[in-house]
Amino acid sequence: MSEHQSSCLLVDIGNTRIKYARNSDGNHLDVRVAGSLSDIPLNGVREIRVAAVARAEEARNWEESVPSGVRFKRAVVKPEWHGLTCAYEDCSRLGVDRWLALLAGRKEIGGNLMLVSLGSAITVDYLTGEGVHEGGYILPGLTMMRQSLGQTTAQVGFAEGQNQNICPGKNTEQCVDHGVLCITRDFLQQRIACLRGKDYSVWLSGGDARLISAQITEKHEIAESLVLRGLRHCFDM
């Protein structure tokens, strides 16, 4: 790892978690989770690159507290960047997390892509091998769907990475859990099936990626830390 890379801190401020990593050679990032921005160690950091989709006030306060010699850069969505073209007429309305995932896909994976993020919300984005963002879908994430039905406790009966028998539930919690899992699985199965014969690769990312991956029979792969990986490229000249 070069000194310049190790002194560059990548920070993903999401709706439920703050993830960070030092930039590094290759695709691997040593990703950590912080309870708050002030918990992130800044020793040796010369540049901070931030993707912020939440905690705006906390991010502003943190930026003001960063030592004056440290460059602080916020990622923003642009109509076009290094061969990547945004599908939105008003690109400012596209979440920066989706933009960075597209950028990481363009730079580090390549080809025609269907990128699925399974976090607080579920987003699907399509990207051609020529870098054209073709739009996508947004729907509630598993936790959001459960909460909309009044279920606030942790999910029951789901072991990450294991294929579940989503049978009719025998209590309210099971009914809700199995229902939201069925909705998510069936939606993604249908979307992936529509790509047969179109030479697209499908990548799942986000906190619920492995849980949903175990349910999907269509061909797909897991992509780790796409937002942080996108931060590596979004300020390239």
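Cys 86 is buried in this predicted model, because its relative accessibility of 9% falls under the 20% limit. Cys 91 is likewise counted as buried, at 13% relative accessibility. The sulfur of Cys 86 has that of Cys 91 as its closest cysteine sulfur, at 5.5 Å, which is too far for a bond. A disulfide requires sulfur atoms within 2.5 Å, and by this rule the count is 0 disulfides.

| Residue | Relative accessibility | Class |
|---|---|---|
| Cys 86 | 9% | buried |
| Cys 91 | 13% | buried |
| Ile 18 | 0% | buried |
| Ser 120 | 25% | partly exposed |

Ile 18 and Ser 120 belong to a site taken from a record. An unreviewed UniProt entry places the feature "binding site" at Asp 12, Ile 13, Gly 14, Asn 15, Thr 16, Arg 17, Ile 18, Lys 19 and Ser 120. These positions span 109 residues in sequence, but no two of their C-alpha atoms are more than 14.4 Å apart, so they gather at one spot. From this set, Asp 12, Gly 14, Asn 15, Thr 16, Arg 17, Lys 19 and Ser 120 are part of the lining of the largest pocket.

Ile 18 lies in strand β2, residues 18-22. With residues up to four places away in sequence not counted, Ile 18 touches a set of residues including Val 11, Asp 12, Ile 13, Arg 32, Leu 37, Ile 40, Arg 55 and Glu 58. Ser 120 is located in the loop between β8 (112-118) and β9 (121-127). Leaving aside neighbours within four places in sequence, Ser 120 contacts Asn 15 and Thr 16, as well as Pro 140, Gly 141 and Met 144.

The strands on either side of that loop, β8 and β9, are part of an open sheet of 5 strands with mixed pairing, in the order β10-β9-β8-β11-β12. Its edge strands, each pairing on one side only, are β10 (133-140) and β12 (221-222). Strands of a sheet pair through backbone hydrogen bonds, either parallel or antiparallel. The pairing of β9 with β10 is antiparallel and runs over 6 bridges; Asp 125 stands opposite Gly 136 in β10.

Two helices pack on this sheet. Helix α3 (residues 96-109) touches β8, β9, β10 and β11 (200-205), and its direction makes about 40° with that of β9. Helix α5 (residues 172-193) also touches β8, β9, β10 and β11, with its direction at about 175° to that of β8.

How values were computed:
Residues are numbered from 1 along each chain as its sequence is written. This is a predicted model: local features need pLDDT of at least 70, side-chain atom pairs count only at pLDDT 80 or more; totals for chains, interfaces and linings use all residues. Side-chain values use heavy atoms; hydrogens and water are left out. UniProt positions are given in the numbering used here, feature names are shortened, and annotations may be inferred rather than shown by experiment. On a 1 Å grid over the protein atoms alone, a cavity is a set of points where a 1.4 Å probe fits but cannot get out, and a pocket is an open set with protein on both sides within 12 Å along at least five of seven lines; lining residues have an atom within 4 Å of a point. Helices (H or I, at least four residues) and strands (E, at least two) are DSSP runs, numbered from the N terminus. Buried means under 20% relative accessible area, exposed over 50%, partly exposed in between (1.4 Å probe, protein chains only). Contact means heavy atoms within 4.5 Å. Two strands pair if DSSP finds at least two bridges between them. Axes are lines fitted to C-alpha atoms, for helices over the stretch in contact, and angles run from 0 to 180 degrees between N-to-C directions.
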